[in-house]
Amino acid sequence: MPPVFVQALGWWTPGCPDWPRAAAALRGEPAAPAAGAGRPAPTLLAANERRRAPDAVLMALQVAEEACTAAGADPATLPSVFTSAYGDLAIVDALCRTLAGDPRLLSPMRFHHSVHNAASGYWAIGARNPEASTALAAGAHSFAAGWLEAATQCITDERAVLLVGCDTEAMGPLQSVNASRGLLAVAMLLAPQPRTAQDRAIAWRLQPGAHAAPPLRSAAARTLQAQAMADALPLFEALADKASTTLSLPLSTTLALALTLSPA
Amino acid sequence: MKLHPRPRPMAPVALRAWTATGAHGQGIEALARGLAGNRSALRANDLAGIDLATAIGRVDGLESLPWPDDWAAWDSRATRLAWWGLQADGFVDAVARACERHGAGRVGLVLGTSSSTIAVSEAAYRALDDQGRFPAALRHPELHTPHAITAFVQQVLGLQGPAVTVSTACSSSAKALAVAERWLRLQLVDAVVAAGVDALGGSLLYGFQALGVLGREPCRPFDAARRGISIGEAAAFALVERGEAAVMLQGHGESNDAHHMSTPHPQGLGAEQALDDALARAGLAAAAMDLVNLHGTASAANDEVEAALVARRYAPTVHACATKGLTGHTMGAAGLLEALVCALALERGLLAGSAPTTTPDPVFGPAFAERWHAQPVQRRIRHAASHSFGFGGNNCVLVLGC
């Protein structure tokens, strides 16, 4: 399988709103204090849409924008893969409450926001991007499944692909079945060729058998381990650290994604 | 709009086995009879707990289906629909043989759904315990996630290859076939079960009611009297491999309107890009299509844009039909269900009609009317296209052939 190249990354959590700060934290370095953290404010959304958009959409667009800017890539030209275990759980909570209470009060806006491809759709609109865009889920392995799809598209179409992973926190009664806590959005621009000598190459293959997720090395990552997108953390730790390394990201209890990171 | 690189032709992949269960009944022959008779399976809404005056495409008997003890924790309308759908047309055996040929680790699963098992979460919210938690009987965590049906089907079929849920509204299971083809092309797997499953439930019905696009009467795609969509439910499955078979997936194209979450691009630019990409991968011109199964939801805006696309791009001899008035709009299952409507045309020459619509809206013009077919036709064809243009501006066009 040909390798893919990581041209840029994006990251957003409430306390760490960009990849350079996150990379330092994931390397165990003291993080620079983040100014203006709180709600992400992607510039591609019009102000009125930004006000109404749910957290998951804002977070996803924020990291998508960061990755495009870092790579100098035109957001309008990239195919995209959005992955999320649950979508926006505040919206799921509100939707289920309304349906259980008075379903006729369900608002069209809330229904718009409840679809799993809400972030994908808002990204396409905001970035004026007509390229293929998908929205995936794969339970606790949603990041790994999204990465597989992005790498697959990158190789089959020989085009750079934008991968975005985003999950939120369980709200209300959902907390009795859903352990996701905190907010995390990540992005990765994968390309069939490197853009600069700083890009990292990732050789990849499917690896049969049961593989545990790699242990998290940093305190910053460990604070996010209950997050539904936490299966992204080992790869982002490895990318924050410049050393060559191999790691296995589980795709299920019987299959993993074997990744080998090296300089481009 | 930036310059879009046209994809290169792809090697077609084989539809080795397939099955579909929807409002016409269990299995592909029930669907084929419904299509041959141009019989709409829509009925007035009679779902318990859904107080809406609308037509639905409902699968009978799901509630009373004996549910296997082994799967007790997985019980829901959507998993029942998936289970019932799998037990037809020898599909489970065909998958078992593929697992024997290749090893279960070399057989993947891509399942398209929009609402998955959200109805279970809805039910839990109606029955919260005195501490505001889900009732004990509804606390199986794996049911409260969009990936639930995929995980269920994966376990039922014993598949150990990659498994992923595609959830891009109405294009979901059309895109599942595109994912499957890419996995096969890169030899990540040797076979893939592509699936589309969506069951009727409160979020879809009340959601489309909130958007104001739910029709009261059975939907009439492309009719001057079209008054909104009818939601249906279906489970569709296809086993896809490299190699040759009677029906091949020859191309797929995906795009986004980049226009609005629930209104199509007025000139249909996204839809046309998806069509162009599907044709480029198939190495065919639009004029080579003998059949096109339209997205045709019977919403005012969608049908108008799609009619213009058909008139502009397809040959006057094409058989254009819209089958959502027969089956209902089966949401995430629609893409694959309608690809299988095309497969029936390619395999046995059954070209579907478009009941209950007879005459298309005159505003679509004579070129569309010439291509439109209200009645089924029996004739051999070589190539068919299927349109899926969904919510969130998400488009997928498939090209199938024999």
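Let's start with a helix crossing in chain B. The crossing of α8(B) and α9(B) is right-handed. Bear in mind that this is a predicted model. Helix α8 covers residues 269–282 of chain B, and helix α9 covers residues 300–313. Their axes are 11 Å apart, and the packing angle is about 40°. That angle makes α8(B) oblique to α9(B). The cut-off matters here: under 35 degrees would count as roughly parallel.

Which residues of the two helices meet? From α8(B) we have B:Ala271, B:Glu272, B:Leu275, B:Asp276 and B:Leu279. From α9(B) we have B:Leu309, B:Arg312 and B:Arg313. Find those in the viewer and you have found the contact.

Next, strands. Strands of a sheet pair through backbone hydrogen bonds, either parallel or antiparallel. Look at strand β15 of chain B, residues 394–401. Buried or exposed? Eight of its eight residues are buried. Now look at where they point. B:Asn394, B:Cys396, B:Leu398 and B:Leu400 point one way. B:Asn395, B:Val397, B:Val399 and B:Gly401 point the other way. Both sets are buried.

Who pairs with β15(B)? β14(B) and β15(B) form a hairpin, with four residues between the strands. In that hairpin, B:Gly392 takes a positive phi near 80°.

There is another sheet to show you in chain B. It is open, with three strands in the order β2-β3-β7, and its pairing is mixed. Which strands stand at the edges? They are β2 (43–44) and β7. Each has a single partner strand, so one side of each is left without a neighbour in the sheet. β2(B) pairs with β3(B), residues 55–57, in the antiparallel sense over two bridges. B:Arg43 stands opposite B:Ile56 in β3(B).

On to the loops of chain B. B:Phe222 sits in the loop between α7 (202–211) and β7 (231–232). Its phi is positive, near 65°, and the residue is not a glycine. B:Phe222 is buried, at 0% relative accessible area.

B:Asp223 lies in that loop between α7 and β7 too. B:Asp223 counts as buried, because its relative accessibility is 8% and the cut-off is 20%. What does B:Asp223 touch, leaving out residues up to four places away in sequence? The list is B:Thr357, B:Thr358, B:Thr359 and B:Asp361.

Now a cis peptide bond. It joins B:Ala355 and B:Pro356, with omega about 0°. B:Pro356 is in the loop between β12 (350–351) and α12 (366–371) of chain B.

One more loop. B:Ser116 lies between β4 (107–112) and α4 (118–126) of chain B. Phi of B:Ser116 is near 45°, again a positive value in a residue other than glycine. B:Ser116 counts as buried, at 6% relative accessibility.

Over to chain A. A:Leu235 is in helix α9 of that chain, residues 233–240. A:Leu235 is buried, with a relative accessible area of 0%. What surrounds A:Leu235, leaving aside neighbours within four places in sequence? Its contacts are A:Phe143, A:Trp147, A:Met188, A:Ile202, A:Leu247, A:Leu249, A:Leu259 and A:Leu261. Take A:Leu247 from that list. A:Leu235 and A:Leu247 are 12 residues apart in sequence. In space they are 7.7 Å apart, C-alpha to C-alpha.

Last topic: cysteines. A disulfide is a covalent bond between the sulfur atoms of two cysteines. How many disulfides does a search of the whole structure find? Zero, over all chains. Take A:Cys154. The nearest cysteine sulfur to it belongs to A:Cys68, and that is 14 Å away. A pair would need to be within 2.5 Å, so A:Cys154 is in no disulfide. A:Cys154 is also buried, with a relative accessible area of 0%. B:Cys170 is in no disulfide either. Its nearest cysteine sulfur is 12 Å away, on B:Cys396. B:Cys170 counts as buried, at 6% relative accessibility.

Methods: Residues are numbered from 1 along each chain as its sequence is written. Chains are lettered from A and ligands numbered from 1 in the order in which they are written. This is a predicted model: local features need pLDDT of at least 70, side-chain atom pairs count only at pLDDT 80 or more; totals for chains, interfaces and linings use all residues. Side-chain values use heavy atoms; hydrogens and water are left out. Buried means under 20% relative accessible area, exposed over 50%, partly exposed in between (1.4 Å probe, protein chains only). Two strands pair if DSSP finds at least two bridges between them. Axes are lines fitted to C-alpha atoms, for helices over the stretch in contact, and angles run from 0 to 180 degrees between N-to-C directions. Angles under 35 degrees count as roughly parallel, over 145 as roughly antiparallel, 65 to 115 as roughly perpendicular and the rest as oblique. A crossing is left-handed if the near helix is turned anticlockwise from the far one by less than a right angle, and right-handed if clockwise. Contact means heavy atoms within 4.5 Å.
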